[in-house]
Amino acid sequence: MLSIKPFNLVKSNLAVLIARLNDLLDSDDPDNWQVIIKKRADSRSVEQNARLWSLYTSIGNYLGYTAEEIHQLMGFKFLLIEKYVGRDKITLVRSTTKLNVKEMAEYQEKIEAWAANMGWSYE
């Protein structure tokens, strides 16, 4: 089945999108397509990611854990989501790579507040 992967549209690549849409219309099943256009959310920044790992390292050093262990612990503490597979409810840890800029800032604030309650301070 022919399909288009998510496409980040800017003025300079509009012709490429139109060509891809024409390919769909010229396919074996030209009448069965759905096109959704939505504003793209800004994903977390490189700076936010670097700061997050600095937080993990600092908190880990204070509490006696590695940065990776703090990463996993904080995910379980603040990033749990529930999904249903049939009738089964499954709890997952949302990946920090899926957070947008605002969500990443809120996540870091929660981590800092939690660690501060344990006596940690960012140096």
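Of the 123 residues in the chain, 20% are buried, where buried means under 20% relative accessible area, exposed means over 50%, and partly exposed covers the range in between (1.4 Å probe, protein chains only). The structure is a predicted model, in which local features need a pLDDT of at least 70 and side-chain atom pairs count only at pLDDT 80 or more, while totals for chains, interfaces and linings use all residues. Residues are numbered from 1 along each chain as its sequence is written, and side-chain values use heavy atoms, with hydrogens and water left out.

The secondary structure amounts to four helices and two strands, these elements being DSSP runs numbered from the N terminus (helices, H or I, at least four residues; strands, E, at least two). Along the sequence they follow the pattern α-α-α-β-β-α. The radius of gyration of the chain is 21 Å, whereas a compact globule of 123 residues would have one near 14 Å; this radius is taken over C-alpha atoms, and the globule rule is 2.2 Å times the number of residues to the power 0.38. Along the principal axes, the C-alpha atoms fill a box of roughly 65 × 45 × 20 Å. The chain exposes about 9600 Å², of which carbon and sulfur atoms supply 52%, with accessible areas coming from the Shrake-Rupley method with a 1.4 Å probe and, for residues, only the protein chains shown counting as cover.

In the segment before helix 1 (14–25) lies Asn-13, which is buried, with a relative accessible area of 17%. When its neighbours within four places in sequence are left aside, Asn-13 is in contact with Phe-7 and Asn-8, contact meaning heavy atoms within 4.5 Å.

The largest nonpolar core has 14 residues, a nonpolar core being a set of buried Ala, Val, Leu, Ile, Met, Phe, Trp, Tyr and Cys residues joined through side-chain atoms within 4.5 Å. The elements that give two or more residues to this core are helix 2 (46–63), helix 3 (67–78) and helix 4 (101–116). Among the residues with the most contacts inside the core is Met-74, and Met-74 touches Tyr-56, Leu-79, Tyr-107, Ile-111 and Trp-114, not counting residues up to four places away in sequence. In soluble globular proteins, nonpolar side chains tend to be buried together.

Strand 1 (residues 80–85) and strand 2 (residues 88–93) run antiparallel and are joined by six bridges, where two strands pair if DSSP finds at least two bridges between them. Lys-83 stands opposite Ile-90 in strand 2. The two strands form a hairpin with two residues between them, and Gly-86 in the turn has a positive phi of about 65°.

The chain has four salt bridges, each defined as a side-chain nitrogen of Lys or Arg within 4 Å of a carboxyl oxygen of Asp or Glu. One of them joins the side chains of Arg-51 and Glu-112 (2.8 Å, N to O), and this pair links distant parts of the chain, with Arg-51 in helix 2 and Glu-112 in helix 4, 61 residues apart. Arg-51 is partly exposed at 31% relative accessibility, and Glu-112 is partly exposed at 22%. Another salt bridge joins Lys-102 and Glu-106 (3.9 Å, N to O); because these residues are four apart in helix 4, they are separated by about one helical turn.
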